[in-house]
Amino acid sequence: MAPTPTRRATLAGIRAVVPILPGVVPFALIAGFAGVEAGVSRIQAVAMSLIVFAGAAQIAALDLIGSDAAIVVVVATALIINARFVMYSASLAPHVAGSPLRARGLAAYLLTDQIYAVSIIRFGETREPVRERLAFYLGGGATLWVTWQAGTVVGALGGGAVPESWSLDFAIPLVFIALLVPALRSRHDHVAAVVGGVVAVAAGGLRFNSGLLLAAAAGIVAGYVAAGR
Amino acid sequence: MTSLDAAAVWGIFAAVGAGTFLLRLSFLGALGRESSIRPGLARALGLVPAAVLAALVAPAVAGRGTEVDLVTARFTAATLAGLVAWRTRNVPLTLVVGMVVLWVLSALG
């Protein structure tokens, strides 16, 4: 029996994300480990991945929780990191317009940098019906989701077994470096990063880690002004 | 280790989870209308990852406030990891190089 077009699109979505998985697994392990490091329970560390499902925001929030930042700073930082999803959401919406709200809601829950990147390339190259586009997206998105959940469980369970002397806490800034470097595309990105970094260091002594929000805002404004010229 | 109690942590996760879902749903959930994002907003959102990630990395590797110190194993390891990330875009390799450099320098120092 020949596979239906929808089924074929689902499989194509799965195949499209497989090459990305080796880059996702270390993030997931560290997101699980960051929960242990912050001192939240293993159940909470695992539940966070189900509830939030966004790596950089999860790791940043746990890092801040561990250093006793103010609750409002933790939530605001995570949401600022995830504000980029609005951009992806706007970019994807025309490609899945007309599909049921439930399907678009599921697509929203599964929206990540990775599935956005592979889907927007596919949607630009092919003229397939909305049903098949959605199947491609959900196939890839679900594969990333399963990988992420499994990785954080392993990280949360195994993280406590790693001796303190291994300094595995350093993997958290390393993960952010691995995310930061590809985010530096234009000159304005560089301006935003330099200003954000310098202000974060200078304002690092402020209470409840509030310097982080100040630094992010300063970086965005500086990059915005640089881009406007 | 956090001094927040379990309920506060659940509250944070619920707020971040709900807020993140709404950000993701923003345009996907719109009722079939033509979706467009204002150019100014798109420009600002495009700068967010660079600004926030740099703000997270810099104090963690360079110290903060009056305790800035660039002559540390962590700063050297982070710099080399950054070079690897830039040249290879390889996440596992970036992590391995950063950790190994830190271990070697700590063992020597």
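Guide: The chain to consider is chain B, which, read along the sequence, follows the pattern α-α-α-α. In other words, chain B has 4 helices and 0 strands. The radius of gyration of chain B is 20 Å, whereas the globule rule gives 13 Å for 109 residues; the value is well over that figure, so chain B is more spread out than a compact globule. The C-alpha trace of chain B spans about 60 × 40 × 30 Å along its principal axes. Of the 109 residues in chain B, 41% count as buried. Among the contacts in chain B with a separation of 6 or more, 33% come from residues 24 or more positions apart.

The model is a predicted one, and its confidence scores should be read alongside the geometry. The model scores are ipTM 0.91 and pTM 0.89. For chain B the average pLDDT is 91, and 95% of the residues score at least 70. Within chain B, confidence is highest in α1(B), at 97, and lowest in α2(B), at a mean of 91.

Both of these helices take part in the meeting with chain A. The contact draws 67 residues from chain B and 79 residues from chain A. On the side of chain B that touches chain A, the elements giving two or more residues are α1 (6-28), α2 (39-62), α3 (73-88) and α4 (91-108) of chain B. Of these, α2(B) gives the most, with 21 residues. By residue class, the side of chain B that touches chain A divides into 46 nonpolar, 16 polar and 5 charged residues.

Two packed helices are described by the angle between their axes and by the distance between the axes. Here the axes of helix α6 (residues 84-96) of chain A and of α1(B) come within 6 Å and cross at roughly 35 degrees. The crossing in which α6(A) passes α1(B) is right-handed. From α6(A), the contact is made by Phe85(A), Val86(A), Ser89(A), Ala90(A), Leu92(A), Ala93(A) and Val96(A). From α1(B), the residues involved are Leu23(B), Arg24(B), Leu25(B), Ser26(B), Phe27(B) and Leu28(B). Taken together, the residues of the contact of α6(A) with α1(B) divide into 10 nonpolar, 2 polar and 1 charged.

Methods. Residues are numbered from 1 along each chain as its sequence is written. Chains are lettered from A and ligands numbered from 1 in the order in which they are written. This is a predicted model: local features need pLDDT of at least 70, side-chain atom pairs count only at pLDDT 80 or more; totals for chains, interfaces and linings use all residues. Two residues are in contact if their C-beta atoms, placed from the backbone, lie within 7 Å. Ala, Val, Leu, Ile, Met, Phe, Trp, Tyr, Cys and Pro count as nonpolar, Asp, Glu, Lys and Arg as charged, and the others, Gly among them, as polar. Axes are lines fitted to C-alpha atoms, for helices over the stretch in contact, and angles run from 0 to 180 degrees between N-to-C directions. A crossing is left-handed if the near helix is turned anticlockwise from the far one by less than a right angle, and right-handed if clockwise. The radius of gyration is taken over C-alpha atoms; the globule rule is 2.2 Å times the number of residues to the power 0.38. A residue is buried if 20 or more other C-beta atoms lie within 10 Å of its own, exposed if 12 or fewer, and partly exposed in between; C-beta atoms are placed from the backbone. pLDDT is the predictor's confidence in each residue, from 0 to 100.
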